[in-house]
Amino acid sequence: MISLGIETSCDETSVALVKDGREVLSNEVSSSADFHKRHGGVIPEIASRMQLEAISLVVKAAFKDAGIKPREVGLISVTSGPGLLGSLLVGISFAKAMSYSLNLPLIGVNHVHSHFYANFLEHNGIELPFVALVVSGGHTSLFYVKDFDKVSLLGATLDDACGEAFDKVAKILNLGYPGGPLIEKLAFKGNPGSLRFNCSGGSKHPLAFSFSGIKTAVLYYTQNLNRPAGKTRAEDISDVCASFQDSVTDVLVKKAMLACKVKKVKHLVLGGGVVANSVLRKKFADTCRENGIKCFFPSLRLCTDNAAMVAGFGYQLFKKGYKSGLDLGHDLN
Ligand code: KG4
Ligand code: ZN
């Protein structure tokens, strides 16, 4: 069965066609990020207006790219939350209209869960149950996944999401938006051991995260910048980026390993925009190898928001008997 996926939870408009939950026939992604850059973050009103303009064109492009016709589709899957209200409504409304006009079943999909599903589009051999870690601009969550419809939350961020911390630190350093790739690039030139930014990651719950403290520590450091003699401003910023990235990724690895130990699982599945970070990927690969855990990452284009993961995950839920009605609503949490 071919599932058509629609993803409009943030600033992307993405439409994909996926066969049997695994084979990506097309995956079109149109982003309004360039329009948000000048504001240093996503402006929800601009995002949803641009999604409204883009969505029909993106649907057409997805069909053209896959070389199939609408009558060959068997299911419409759509992100129903969490995300920005106006953006979600564009995708949900379009999905309902397609479901109604083509007389196809409709299914609403959780965006955060679909991020870890991205791995199933590219990897075989992921065994249930597994621990999943989703690290994105809006979420930092550890899950215990018994099955695609049996996902329980082990721990999440108590304040900022990890990607949000990357974006805010980049803003403090005047680097631009989105911050993650810009920090990663500068961090290559810096020394991760030169500064120590503490990122304990929440003391109350061992599997919860906290990223607002480290963001504030970077702010205070830059405000009182006491650069050692002989060090240029550029060198200092690269060191801040490298040290911030090092602390944050250490905490993610530590907590994910603890979750695998507590739940006694040997498979760890990662997803979300921050998982595109090469230092994070190497740390996870090395630590998992040392601990006898099999670790899975999506390729870079499937880490960030895309509709292929939505189409695939929707198919798996549909196969289990789930279905939404035309009264499908948005879920902001
Ligand atoms: O999953 P995603 O595309 O959207 C949400 O669901 O939020 O994640 C976007 C986040 C942004 O905060 C962005 O700065 C971060 O992912 N990101 C990265 C990298 N690429 C994207 N963070 C660190 N390193 C990267 N290479
Ligand atoms: Zn996302």
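**Helix packing and nonpolar cores**

Helix H7 (residues 212-223) packs against helix H8 (residues 233-263) at an angle of about 165 degrees, and their axes are 11 Å apart. The model is predicted: local features need pLDDT of at least 70, side-chain atom pairs count only at pLDDT 80 or more, and totals for chains, interfaces and linings use all residues. Residues are numbered from 1 along each chain as its sequence is written, and side-chain values use heavy atoms, leaving out hydrogens and water.

**H7 and H8**
- H7 and H8 are therefore roughly antiparallel (angles over 145 degrees).
- The crossing of the two helices is right-handed.
- From H7, Ile-214, Val-218 and Tyr-221 meet Asp-236, Val-240, Phe-244, Ser-247 and Val-248 of H8 (contact means heavy atoms within 4.5 Å).
- By class, this contact has six nonpolar, one polar and one charged residues.

**Largest nonpolar core**
- A nonpolar core is a set of buried Ala, Val, Leu, Ile, Met, Phe, Trp, Tyr and Cys residues joined through side-chain atoms within 4.5 Å, where buried means under 20% relative accessible area with a 1.4 Å probe, protein chains only.
- The largest has 47 residues, of which Leu-133, Leu-142, Phe-244, Val-248, Leu-252, Leu-268 and Phe-284 touch the most other members.
- Elements giving two or more residues to this core include strand E6 (130-135), strand E7 (140-147), H7, H8 and helix H9 (278-290).
- H8 gives the most, with 13 residues.
- Beyond its neighbours within four places in sequence, Phe-284 is in contact with Leu-133, Leu-252, Val-253, Ala-256, Leu-268, Leu-270, Cys-295 and Phe-297.

**Another core**

Notes. Chains lettered and ligands numbered in written order. Axes fitted to C-alpha atoms, helices over the stretch in contact; angles between N-to-C directions. Helix = DSSP H or I, 4+ residues; strand = E, 2+ residues; numbered from the N terminus. Parallel < 35°, antiparallel > 145°, perpendicular 65-115°, else oblique. Left-handed = near helix turned anticlockwise from the far one by under 90°. Nonpolar A, V, L, I, M, F, W, Y, C, P; charged D, E, K, R; others polar. Buried < 20%, exposed > 50% of the residue type's maximum accessible area, 1.4 Å probe, protein only.
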